[in-house]
Amino acid sequence: MNFGFVSSSSFLTKRYPSHLLSRKNIQKFDSSSRKFSKMSTSDAPVLVSTNWLSQNLNKVKVLDGSWNLNDKRDFKALFENKRIPGASFFDIDEVCDKSALPLPHNLPPLELFQEKIRSLNISNQDHVVVYDQTGFYNASGRVWWTFKVFGHERVSVLEGGILKWIKEGRELETTPKTDSNASKSDFVAKYQPKYVDTLEQVFQHLKDKTVLIDARPPGRFRGEEGEPRPNLKKGHIPGSKNAPGLTFLKKENEGDEFYHFLSPEELKEFFKKMGVDPSEGTRISTTCGSGVTASSLCLALHLAGNRNYSVYDGAYTEWAQVSSDRPVESGPSN
């Protein structure tokens, strides 16, 4: 079947800025094994506890990355009024590629990300901890993934986010944050294509052994409900499996407003029941409506032991434009 495959030279140049596709970056990347040169910074744990963070606040840089499609609260204003001490706000709708519209909050140009991180005085040596205000991990997962895309592996997500922090009665800052005299770092971003799938690569995945997992709610995945964004076909990318965001999370206590990820063993079993081998080498590409929940799905895959995951950055919003002839399927996962 012909899925309208486009050439890499024309498509990638249009879809991603030239600074993300320099010969230096491409030469470092082996597309068959999806390996790239080892970074100088060491890995950090994917998740850190509130107890750990409270004991290490002076050793890390904390970011609030809150965003939620169905929650119209002003998260930046809420951050100004109540935040973990020392935290800064990372707005995924501001630090993005605004030229990619109608695709929301796509990866930013390298220079924009680098300048933002420098303005937050985060260095290549710093351990970054990201949290959410929502009790979920969609946006904090997206920020976690974005740091990894730009070569910073020393990044973790706070289990339970600020809601757990507040429940435990931990210290908060409640006055407006001022950065008028803030120092700037010399952070250097290094684009890592291992973590990103383009439209062209998803076309390839329709023919190779890559597993496609979609984190949208079941009704949207099956094509029973419309998309929240206009001019999109109903359904899913052919061959995709469905893992809605809440299915890989759990509450420790029924009254909690926040979730935890399933344990590594529970996550392995979760993916196996879907027919997905979550072991380290299985090639897995994740998607959702706009690439946010897909990032938290990568976080779950990482916890389950996989290290060969990526996010389709354009996500279903790019794939399913009604003006395109790209195929979609309806109904449950295969």
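Q: Which strands does α6 lie across, and what is its angle to β5?
A: In this predicted model, α6 lies across β2, β4 and β5 and runs at about 175° to β5. Axes here are lines fitted to C-alpha atoms, for helices over the stretch in contact, and angles run from 0 to 180 degrees between N-to-C directions. Residues are numbered from 1 along each chain as its sequence is written, and side-chain values use heavy atoms, with hydrogens and water left out. Because the model is predicted, local features need pLDDT of at least 70 and side-chain atom pairs count only at pLDDT 80 or more, while totals for chains, interfaces and linings use all residues.

Q: How many helices and strands does the chain have?
A: There are 12 helices and 12 strands. Both are DSSP runs numbered from the N terminus (helices H or I, at least four residues; strands E, at least two).

Q: What makes α6 and α11 roughly perpendicular or roughly parallel?
A: Take the crossing angle first: the axes of α6 (residues 138-149) and α11 cross at roughly 75° and come within 7 Å. Angles under 35 degrees count as roughly parallel, over 145 as roughly antiparallel, 65 to 115 as roughly perpendicular and the rest as oblique. That is why α6 is described as roughly perpendicular to α11. On the α6 side, the contact (heavy atoms within 4.5 Å) involves Asn138, Gly141, Arg142, Trp144, Trp145 and Lys148. From α11 come Thr293, Ser295, Ser296, Cys298, Leu299 and His302.

Q: How do you know what classes of residue make the contact of α6 with α11?
A: The count gives four nonpolar, six polar and two charged residues. Here Ala, Val, Leu, Ile, Met, Phe, Trp, Tyr, Cys and Pro are nonpolar, Asp, Glu, Lys and Arg are charged, and the others, Gly among them, are polar.

Q: Why are α10 and α11 described by the angle they make?
A: Two packed helices are described by the angle between their axes and the distance between the axes. For α10 (residues 264-273) and α11 (residues 293-303), these values are about 110° and 8 Å. The pair is therefore roughly perpendicular. Pro264, Leu267 and Phe271 of α10 meet Leu297, Ala300, Leu301 and Leu303 of α11. By class, this contact has seven nonpolar residues, with no polar and no charged ones.

Q: What makes Asn121 and Asn231 worth a look for their phi?
A: Neither is a glycine, and phi is positive in each: about 60° for Asn121 and near 65° for Asn231. Asn121 is in the loop between α5 (110-119) and β4, and its 30% relative accessibility makes it partly exposed. Asn231, in the loop between α9 (218-222) and β8 (241-242), is exposed with a relative accessible area of 53%.

Q: How do you know which strands stand at the edges of the open sheet?
A: Follow the order of the five strands, β1-β5-β4-β2-β3, which pair in parallel. β1 (47-48) and β3 each have a single partner strand, so one side of each is left without a neighbour in the sheet. Two strands pair if DSSP finds at least two bridges between them. β1 and β5 (residues 155-158) have two bridges, with Val48 opposite Leu158.

Q: What does β2 pair with, and over how many bridges?
A: Five bridges join β2 (residues 60-64) to β4 (residues 127-131), and two join β2 to β3 (residues 88-89). Both pairings are parallel. Leu63 has Val130 as its bridge partner in β4 and Ser88 in β3. β2 is mostly covered, with four of its five residues buried.

Q: What handedness does the β-α-β unit of β2, α4 and β3 have?
A: The unit, with α4 at residues 75-81, is right-handed. That term applies if, with the strands pointing away from the viewer, the path from the first strand over the helix to the second runs clockwise.

Note on methods
Buried means under 20% relative accessible area, exposed over 50%, partly exposed in between (1.4 Å probe, protein chains only).
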